[in-house]
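Thanks, everyone. Please bring up the model, and I will walk you through the ligand site and the strands.

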Amino acid sequence: MQTRAGLGLHFRSLEAGDIASVMALEAQVQTHPWRRSSYEDCLDGRHHCWLAEAEGQVVGFVVVAWAGGDGELLNIAVAPSHQRQGVGECLLSLAVEQVKPYASMLFLEVRLSNRNAIQFYEREQFFEVGQRPNYYPSKRGREDALILARELS
Ligand SMILES: CC(C)(COP(=O)(O)OP(=O)(O)OC[C@H]1O[C@@H](n2cnc3c(N)ncnc32)[C@H](O)[C@@H]1OP(=O)(O)O)[C@@H](O)C(=O)NCCC(=O)NCCS
């Protein structure tokens, strides 16, 4: 697949040997990155994680889950060196195609302060369905989450 900026991407599922590099990538872009055990949940089928590679290097990943007719986008990140070239858009579109057979809606939570991600999601047809007060730990205590959703039909 090619991104809108012409970057060639290859997608594959997360394997145990990828966890260290995925955690290193996330540490570059998140103030509170996931623990190793959250990625390990993707190996036993509870969650599903796909990596995007460009020229053999992992440049992004997405994690989703589904149950009871709803899908959840649990995590998405793109390496700083490869942001704003359409990698996130391609990862999201892959996630949507994977979740669609099992769910009619895709939900996610995002920090209220994460303006870049909110702008990204709005551009990708997500809309606000609610907020969760004090949902995330933050440098100054707790921070609210915005709940966004997108129809998958
Ligand atoms: C959100 C994220 C995955 C988007 O990945 P990406 O590959 O840059 O996304 P795309 O190139 O497909 O889309 C970029 C669009 O997102 C928005 N966006 C992304 N980064 C932005 C920034 N730094 N400033 C402003 N808008 C931004 C814009 O709408 C942008 O479009 P534009 O470049 O034409 O202005 C990436 O910014 C990221 O990894 N952020 C840190 C991790 C994170 O916050 N994940 C979400 C957790 S809920």
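How many bridges join S5 to S7, and do they run parallel or antiparallel? Seven bridges join them, and the two strands run antiparallel. Some ground rules. This is a predicted model, where local features need pLDDT of at least 70 and side-chain atom pairs count only at pLDDT 80 or more, while totals for chains, interfaces and linings use all residues. Residues are numbered from 1 along each chain as its sequence is written, and side-chain values use heavy atoms, with hydrogens and water left out.

Back to the strands. Strands here are DSSP E runs of at least two residues, helices are H or I runs of at least four, and both are numbered from the N terminus. Two strands pair if DSSP finds at least two bridges between them. Arg111 faces Ala145 of S7.

S7 (residues 141–151) also pairs with S6 (residues 127–138), antiparallel, over eight bridges. The two make a hairpin, with two residues between them. Take two bridges. Gly130 is partnered by Ile147 in S7. Pro137 is partnered by Arg142, again in S7.

Now the ligand. The shell around the ligand holds 22 residues, each with a heavy atom within 4 Å of it. Val78, Arg84, Gly86, Asn114 and Arg123 come nearest. S4 (70–78), H3 (87–99), S5 (105–111) and H4 (115–123) each give the shell at least two residues. H4 has the largest share, six residues. By class, count nine nonpolar, eight polar and five charged. Gly counts as polar in that scheme, and charged covers Asp, Glu, Lys and Arg; Ala, Val, Leu, Ile, Met, Phe, Trp, Tyr, Cys and Pro are nonpolar, and the others are polar.

Next, polar contacts, meaning N or O pairs within 3.5 Å. A backbone N or O atom of Gly88 sits 2.8 Å from a ligand oxygen. For Glu89, a polar backbone atom is 2.8 Å from a ligand oxygen. Arg4 uses a side-chain N or O atom, at 3.2 Å from a ligand oxygen. Alone, the ligand exposes 920 Å², and the protein buries 84% of that, by Shrake-Rupley with a 1.4 Å probe.

Conventions: A polar contact is a pair of N or O atoms within 3.5 Å; within protein, one must be able to donate a hydrogen and the other to accept it, and residues adjacent in sequence count only if both atoms are side-chain atoms.
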